[in-house]
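Dear colleague,

Please find below the sequence and the structure that I am handing over to you. My findings follow directly after them.

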Amino acid sequence: MSTTLERPLRAAAPTVPGVRTREGAWSDPRYQAFWLMRLGYTVLPLAMGIDKFFNGMVYWPKYLADWIDNIVPGTAQQFMYFVGGVEILAGLLVLLKPRYAAYIVAAWLAGIVINLFSYGEYWDVGVRDVGLMLGALTLARLASVYDPPLFGRRQP
């Protein structure tokens, strides 16, 4: 007597965080969200950072609060060159290691929010940057699952 064993054509892909199979990970909406945010927080800081050197989208020094302009050396545009460099570096770090870099981006955005709120004019941009900061913190939490740590024990 024989028994027929039915096998599915394709096994269902697991949707557990930390799954090592590429197919299983890509079908997981959480993993997709992680990659969307990782790409967004790579491309946008790079674009904004590069634009700080050319002022193509907007004249960036106008967003610098007077009290910051008074305490940093050089002109507001020179400070924007520094800001652009930091943003480019932050975007590259998110690309390489979002587990840690997302917290750096969130802290940087908190500094931008403080600057904008203390300026007293660009409240709408400041509130938008609060949302971006929350997104960076969300990316950091997702990266704690999907981006392995630099040191320490890795999941099997």
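In which kind of crossing does H4 pass H5? H4 passes H5 in a left-handed crossing, a term used when the near helix is turned anticlockwise from the far one by less than a right angle, with right-handed used if clockwise.

Before the details, a note on the basis of these values. This is a predicted model, in which local features need pLDDT of at least 70 and side-chain atom pairs count only at pLDDT 80 or more, while totals for chains, interfaces and linings use all residues. Residues are numbered from 1 along each chain as its sequence is written, and side-chain values use heavy atoms, with hydrogens and water left out.

Overall architecture

The protein has 6 helices and 0 strands; helices (H or I, at least four residues) and strands (E, at least two) are DSSP runs, numbered from the N terminus. Read from the N terminus on, the order of elements is α-α-α-α-α-α. Of its 156 residues, 35% count as buried, where buried means under 20% relative accessible area, exposed over 50%, and partly exposed in between (1.4 Å probe, protein chains only). Among contacts (heavy atoms within 4.5 Å) between residues at least 6 apart in sequence, 65% join residues at least 24 apart.

Helix packing

H4 and H5 pack with their axes 7 Å apart and at an angle of about 150°; axes are lines fitted to C-alpha atoms, for helices over the stretch in contact, and angles run from 0 to 180 degrees between N-to-C directions. H4 is therefore roughly antiparallel to H5, on a scale that counts angles under 35 degrees as roughly parallel, over 145 as roughly antiparallel, 65 to 115 as roughly perpendicular and the rest as oblique. On the H4 side, the residues that meet H5 include Phe-82, Val-86, Ala-90 and Val-94; on the H5 side, those that meet H4 include Ala-101, Val-105, Trp-108 and Ile-112. The residues of this contact of H4 with H5 divide into 15 nonpolar, no polar and 1 charged. In this classification Ala, Val, Leu, Ile, Met, Phe, Trp, Tyr, Cys and Pro count as nonpolar, Asp, Glu, Lys and Arg as charged, and the others, Gly among them, as polar.

The axes of H2 and H4 come within 7 Å and cross at roughly 160°, which means that H2 is roughly antiparallel to H4. H2 passes H4 in a left-handed crossing. By class, the contact of H2 with H4 has 14 nonpolar, 6 polar and 3 charged residues.

For H2 and H6, the axes come within 9 Å and cross at roughly 130°, so H2 is oblique to H6. The crossing of H2 and H6 is left-handed as well. Among the H2 residues that meet H6 are Phe-34, Met-37 and Tyr-41, and among their H6 counterparts are Ala-136, Leu-139 and Tyr-146. The contact of H2 with H6 comprises 11 nonpolar, 2 polar and 2 charged residues.

Nonpolar cores

A nonpolar core is a set of buried Ala, Val, Leu, Ile, Met, Phe, Trp, Tyr and Cys residues joined through side-chain atoms within 4.5 Å. The largest has 18 residues, of which Phe-34, Tyr-41, Val-94, Val-105, Leu-109, Ala-136 and Leu-139 touch the most other members. H2, helix H4 (76-96), helix H5 (98-119) and helix H6 (123-146) each supply at least two residues of this core, and H6 gives the most, with 7 residues. A second, separate core of 14 residues includes Ala-65, Phe-79, Val-83 and Tyr-122. Leaving aside neighbours within four places in sequence, Val-94 is in contact with Arg-38, Tyr-41, Thr-42, Ala-101, Ala-102, Val-105 and Leu-139.

Individual residues

Lys-52 is placed in helix H2 and, with a relative accessible area of 4%, is buried. Not counting residues up to four places away in sequence, Lys-52 touches Trp-60, Gln-77, Met-80, Tyr-81, Val-83, Gly-84 and Glu-87.

Asn-55 lies in the loop between helix H2 (29-54) and helix H3 (66-71). Its phi is near 55°, a positive value in a residue other than glycine, and Asn-55 counts as partly exposed at 22% relative accessibility.

Glu-121 is located in the loop between H5 and H6 and counts as exposed, at 54% relative accessibility. Glu-121 and Tyr-63 are 58 residues apart in sequence and 9.0 Å apart in space, C-alpha to C-alpha.

With kind regards
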